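Let's take a friendly walk through a protein fold. Have the sequence and the 3D view ready as you read.

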Amino acid sequence: LSLGKLANLVRKRKHPENEVTFVIDRNINYSNICTCKCKFCAFYRNPEDRDAYIIDEETLKRKIQETINLGGTAILIQGGLNPELNINYYEYLLKFIKENFPQIHIHGFSAPEIVHISRTSNLTVKNVIEKLKKAGLGSIPGGGAEILVDSIRKNIAPNKVDTKSWLYVHETAHRLGLRTTATMMFGSLDSNEDIIEHLSVIRNLQDKTGGFTAFIPWSYQPDNTELGKLIKGKASGEKYLKVLAISRIFLDNFENIQASWVTQGGKLAQVALKFGANDFG
């Protein structure tokens, strides 16, 4: 509660208007085929699996139209690291969305996806981001960060990009005029020290570029995952509120801290608005 009070003071100092911001959007996954196979993931499929997919145009159009009909102004589009997809697919996907729905903001493609596209397309990360931006990408989500401590990453996601690569994608995006968000998934194999190290590296990058719009922490969800068989239970609501409050206090160069109702539930996300959060995911 003391941490919550302190975080709320910081929140009020940064946002004296006492308003909560939010965007009505929809998460759309364009493919669940992924070579990364992170131990904490229940989403990925192998190409030969019966429920493996790449989204078709009609499904994509229907999902975006439904979003707009409900007052939505943005979509978050992400997917697995599909070895069959290169820059041509992603450029086509963005152009298709923008031609059919020019009003929609596209928040898409995490750092691991962008590195993956650079590899499948034989392009630099800078080239990939330039091409995606030109095709209609509006901003980049902070997915794929998990914990930005390589000793933990090697255990929970050995095939995923390392900390340096994740930071490089976001710094490059900022230099090219694209804003991004930063995230953190805690409560797997990480310690409190690892959480602070994660906050420290994104704070340092924000000092350099100022390109992050928001920080969003959430707790690891163990159900139906390989890692979940090794870890008993998950981070408590109390731990989530502590991490959120410390994030608000420590990240003094971030304007917005976002509550994650998707992972934490609506009630705890409401409580988070008194523990430093001013934005609602």
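Here is a short tour of a predicted model, going from its sheet to a histidine and then to a nonpolar core.

## The sheet

Start with the open sheet: its five strands are lined up in the order β1-β8-β7-β6-β5, and the pairing is parallel. At the edges sit β1 (21-22) and β5 (180-186), each of which pairs on one side only. For β5, that partner is β6 (residues 212-219), and six bridges link the two in the parallel sense. Thr 180, for instance, has Phe 212 in β6 as its bridge partner.

Helices pack here too. α7 touches β5 and β6, and its direction makes about 160 degrees with that of β5. Helix α9 (residues 237-250) lies across β5, β6 and β7 (256-259), running at about 170 degrees to β7.

## Zooming in on His 174

Now look in helix α7 (residues 163-175), where you'll find His 174. Is this residue buried or exposed? His 174 counts as buried because its relative accessible area is 11%, under the 20% cut-off.

Its side chain makes a polar contact with the side chain of Thr 180, at 2.8 Å. The His 174 side chain also reaches the backbone oxygen of Gly 211 at 3.4 Å. Leaving out residues up to four places away in sequence, His 174 touches Thr 180, Thr 209, Gly 211 and Phe 212.

In soluble globular proteins, nonpolar side chains tend to be buried together. In this model, the largest nonpolar core has 78 residues, and Phe 109, Leu 132 and Ile 202 have the most contacts inside it. Helix α3 (residues 87-100) gives the most to this core: seven residues.

Leu 132 has contacts including Ile 87, Tyr 90, Leu 94 and Phe 109, not counting residues up to four places away in sequence.

Definitions and conventions: Residues are numbered from 1 along each chain as its sequence is written. This is a predicted model: local features need pLDDT of at least 70, side-chain atom pairs count only at pLDDT 80 or more; totals for chains, interfaces and linings use all residues. Side-chain values use heavy atoms; hydrogens and water are left out. Helices (H or I, at least four residues) and strands (E, at least two) are DSSP runs, numbered from the N terminus. Buried means under 20% relative accessible area, exposed over 50%, partly exposed in between (1.4 Å probe, protein chains only). A polar contact is a pair of N or O atoms within 3.5 Å; within protein, one must be able to donate a hydrogen and the other to accept it, and residues adjacent in sequence count only if both atoms are side-chain atoms. Contact means heavy atoms within 4.5 Å. A nonpolar core is a set of buried Ala, Val, Leu, Ile, Met, Phe, Trp, Tyr and Cys residues joined through side-chain atoms within 4.5 Å. Two strands pair if DSSP finds at least two bridges between them. Axes are lines fitted to C-alpha atoms, for helices over the stretch in contact, and angles run from 0 to 180 degrees between N-to-C directions.
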